[in-house]
Amino acid sequence: MQARDGELGAAVARAQNGDEAAFAVAYRIVQPGLLGFLRGIVGEDAEDVASDAWLEIARDFGRFKGDGAGFRGWTATIARHRALDHLRRQRVRPRAGGTEQDVLDLPGPHSTHEQALESLSTERALELVRGLPRDQAEAVLLRVVVGLDGPAAARVLGKRPGAVRTAAHRGLKRLARQLGVGGEAEAGVTDGACRTLGEST
């Protein structure tokens, strides 16, 4: 995801100058991660919430200022607000959702927890993430699925970067335990998770 930030930033700049095809490029780059993030929060209603979010994104697009990474953070903030609004309206816990075509992709060196998560269906992986405390679930989704760095994820959540880093670390550690990774492997999980997410240890 982060490797495409240059392409995304260029597409956003062209779109803001009236290039409709460039807006479609930006959408195609951002939508998969945004949809995965929303599935982790609202389950099977993610498509509807994403549609609402993109309506707001398109409406306020001319006001956005920033690069490709900034655009991913901005769209994630809008999507999160729409998701929380949706949950308040529904007054229910997020439901299971997702399809086999969606991928919870953990980049970087393969560690035991990554291999375990990759072997799960997307539905099961997102179900596990939804079972985390809200702060941990959102931190993991923003860092791993949307691909935001620590400061950008912190801006989306309105928290300090250290708090988001800690929440993501604890969430990944808890997921590893649920997947039966323990002992020495678990120590590697948390260290590897930080490296995977672009954090220094």
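User: Why does Phe23 count as partly exposed?

Analyst: Please keep in mind that this is a predicted model. Phe23 has a relative accessibility of 23%, and since buried means under 20% and exposed means over 50%, the value lies in between, so Phe23 counts as partly exposed.

User: What makes Phe61 buried?

Analyst: The relative accessible area of Phe61 is 7%, and because the cut-off for buried is under 20%, Phe61 is called buried.

User: How many aromatic pairs does the structure hold, and why is the pair of Phe23 and Phe61 called edge-to-face?

Analyst: There are 7 aromatic pairs in the structure. In the pair of Phe23 and Phe61, the ring centres are 5.1 Å apart and the planes stand at 90°; pairing asks for centres within 6.5 Å, and planes over 60 degrees apart count as edge-to-face, so this pair takes that name. The two residues are 38 residues apart, with Phe23 in helix α2 and Phe61 in the loop between α3 and α4, and the pair thus links distant parts of the chain.

User: How do you know whether Phe64 and Trp74 are buried or partly exposed?

Analyst: Phe64 has a relative accessible area of 6%, so it is buried, whereas Trp74, with 22%, is partly exposed, because buried means under 20%.

Definitions and conventions. Residues numbered from 1 in each chain as written. Predicted model: local features only at pLDDT ≥ 70, side-chain atom pairs only at ≥ 80, totals over all residues. Heavy atoms only, no water. Phe/Tyr/Trp six-rings, centres within 6.5 Å; stacked < 30°, edge-to-face > 60°. Helix = DSSP H or I, 4+ residues; strand = E, 2+ residues; numbered from the N terminus. Buried < 20%, exposed > 50% of the residue type's maximum accessible area, 1.4 Å probe, protein only.
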